[in-house]
Amino acid sequence: MKTRRVSKIGMAVIYAVLIAWAVISLIPLYWVFTTSLQQPGEVDVMPPKLIPTVISRYLPLRLSGEAEEAAALVDGALESYRLLFRKTNMGRWFLNSLMISLCATTGILLLDSMAAFSFAKKEFPGRNFLFWLMVGTMTIPGQVLLVPMFMVVRELNLVNTPWAVLLPQLSMVFGVFMLRQFMLTIPSELMEAARIDGASEFGIYWRIMLPLAKPGLATLAILTFTSSWNSFLWPLIAIQKSEWFTLPVGLKTLQDQNLVNYSLLMSGAAVAAVPMIIVFLSFQKYFVKGLTLGGVKG
Amino acid sequence: MLKRIWKARSGYLFILPKFVFFTVFVLVPIIWSFFVSFQEYRIFGTEWVGLRNFRDALQDDLFWMAVSNTLRYAVVVTPCSVAIALILASLIHPLRPGAQTFFRAAFYLPTVASSVVISMVWRWIFQTRYGLANYFLSLVGIEPINWLHSSAWALRSVIIMAVLTPPGVGVILYLAAMGSIPESLYEAARIDGANRLMQWWKITVPLVKPTTLYLLIVSTIGSFQVFDQVMMMTQGGPGYATTTIVHRIYNVAFRDFEFGYAGAMSMLLFAAVIVLALIQSKLVSSDAEYKG
């Protein structure tokens, strides 16, 4: 495929630069986990412990047969996580975020695929106008609409309920645009054949369009889930009650209350980051596809 | 006409659910935002105040402070992150597919962790006495810096964090763009005796220009809306040294509850973003024509 050759030295230089840059890029995430596994006394030291004690000492202890001490070491390393789930609302916030992100993803997949199906495969007066009206609003940055959005949510009496975080997400237009582009590439003959066989319009959508649009749906699901899980500013505004905080807002409160307990703060950050890292590593190709297909990240 | 609409009713029905949410949470706020910025909100009802909110904003030192902080952030972060994305993608592109996937993941990983998580750990890295940043500086003999608590360094710290967080989206988009450049162009250049750097400068860079333009616009809009990092790392402080436009809007609207004033600032922000996007697309496209 590629005929361009790079000399051996050139390759070595490229790898050196990339590896160095990757290390710099990944240090912050590494530092989240390292700090979270340290006990309070180990955090405020100079020079900092670049490798957590539990990692550097566990194997030597095990190999020299001191299983009890090794177990105590692991126990101590998990101390801040224990504190996090016992003394703060972290578990609750985690569930809130999980529920809201899952509902947002399901809702968006359903609503957007229906709308996209109609825009891509049906003829009706005003279709183009409605489509461009929706897509046109994508250029408006969400932050510009914070105040009127808050007023709408307040009028609907949704402030301090999870609905205030969930429902506005269902209005995002990106997915309609992306899925329509995807569905335009699906041949219409399949629909016609089903129609002749007496399938209802909903049947065509549900049994023909959705299965064929699976790759597009998977991509949209991943992008929606991540952006929902990570969103911060809007939930910060819409929710003031601790019981309905999402994880990022909860982390903000945690930080406000424990300004210098870095191992506790970092264990909280780790709890928020791990699901996203797992989702990303398992669905990497969908991230790449989604970004190159639709341009913007949700 | 009515008959045509009735015949096509299933088309409307499929759009209806989405359109309900779109109307309530997008169209209504857009329309409302025009009214909000011309009103003043009191405990008992509202009052029309014409352009007063806009005048207040333009005469407010704190607003201009926020604008200047945001500009200083955007002017450094946008070009740096696009340039870094271009360089990283150019280095990754010649590698084997396996290595490509690895580096693409490494540079995208910090993007999937939320900005809140990233900001929290950077606040810790920038801690004055025990932070990693000052530790690394001490290794090369530089005196510790009071990163987040001095007005000289606080904004710089936020900028450093943004520049060192790799532009994962940019790398992916550039790689996709570079993958679609026909190999024959490079072969022709090689026959003409162009070295690799010249090939890169004369072929790769001009041909990925649409991606560059897209990233510049998206990244500018993004840096004009910077909020999470500031909120998590400095709360806009010390003093107002790191207050950004969105942070100011947030404080005015949801701490002081001056919705009208915050609405006016939002409109000004929106206008600025649109104007900037237009200028950038003009600049980059005329540049492309110029080089032919």
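Biologist: In this predicted model, how much area do domain 1 of chain A and domain 2 of chain A bury between them?

Modeller: The domain assignment places domain 1 of chain A at 8–83 and domain 2 of chain A at 89–294, and their centres, taken over C-alpha atoms, are separated by 35 Å. To the contact, domain 1 of chain A contributes 11 residues and domain 2 of chain A contributes 11 residues. Carbon and sulfur atoms supply 81% of the area buried between these two domains, which is about 870 Å².

Biologist: What distance separates the centres of domain 1 of chain B and domain 2 of chain B?

Modeller: In chain B, the assignment gives domain 1 as 2–36, while domain 2 is made of 61–119 + 157–291. Taken over C-alpha atoms, the centres of domain 1 of chain B and domain 2 of chain B are separated by 33 Å.

Biologist: Which residues of chain B lose the most area to chain A?

Modeller: The contact between the chains draws 96 residues from chain B and 101 residues from chain A. The area buried between chain B and chain A is about 9,100 Å², with 78% of it given by carbon and sulfur atoms. On the chain B side, 10% of what is buried comes together from the residues that lose the most area to chain A, namely B:F14, B:K18 and B:W124.

Biologist: Are helix 6 of chain A and helix 9 of chain A roughly parallel or roughly antiparallel to each other?

Modeller: The axes of helix 6 (residues 90–121) of chain A and helix 9 (residues 162–169) of chain A come within 9 Å and cross at roughly 30 degrees. Helix 6 of chain A meets helix 9 of chain A through A:I100, A:C103, A:A104 and A:I108 on the one side and A:P162, A:V165, A:L166 and A:Q169 on the other, and by class this contact has 7 nonpolar, 1 polar and no charged residues. Since angles under 35 degrees count as such, the two helices are therefore roughly parallel.

Conventions
Residues are numbered from 1 along each chain as its sequence is written. Chains are lettered from A and ligands numbered from 1 in the order in which they are written. This is a predicted model: local features need pLDDT of at least 70, side-chain atom pairs count only at pLDDT 80 or more; totals for chains, interfaces and linings use all residues. Side-chain values use heavy atoms; hydrogens and water are left out. Axes are lines fitted to C-alpha atoms, for helices over the stretch in contact, and angles run from 0 to 180 degrees between N-to-C directions. Helices (H or I, at least four residues) and strands (E, at least two) are DSSP runs, numbered from the N terminus. Angles under 35 degrees count as roughly parallel, over 145 as roughly antiparallel, 65 to 115 as roughly perpendicular and the rest as oblique. Contact means heavy atoms within 4.5 Å. Ala, Val, Leu, Ile, Met, Phe, Trp, Tyr, Cys and Pro count as nonpolar, Asp, Glu, Lys and Arg as charged, and the others, Gly among them, as polar. Domain bounds come from an automatic or database domain assignment. Buried area is the accessible area (1.4 Å probe) that two parts lose on being put together, summed over both.
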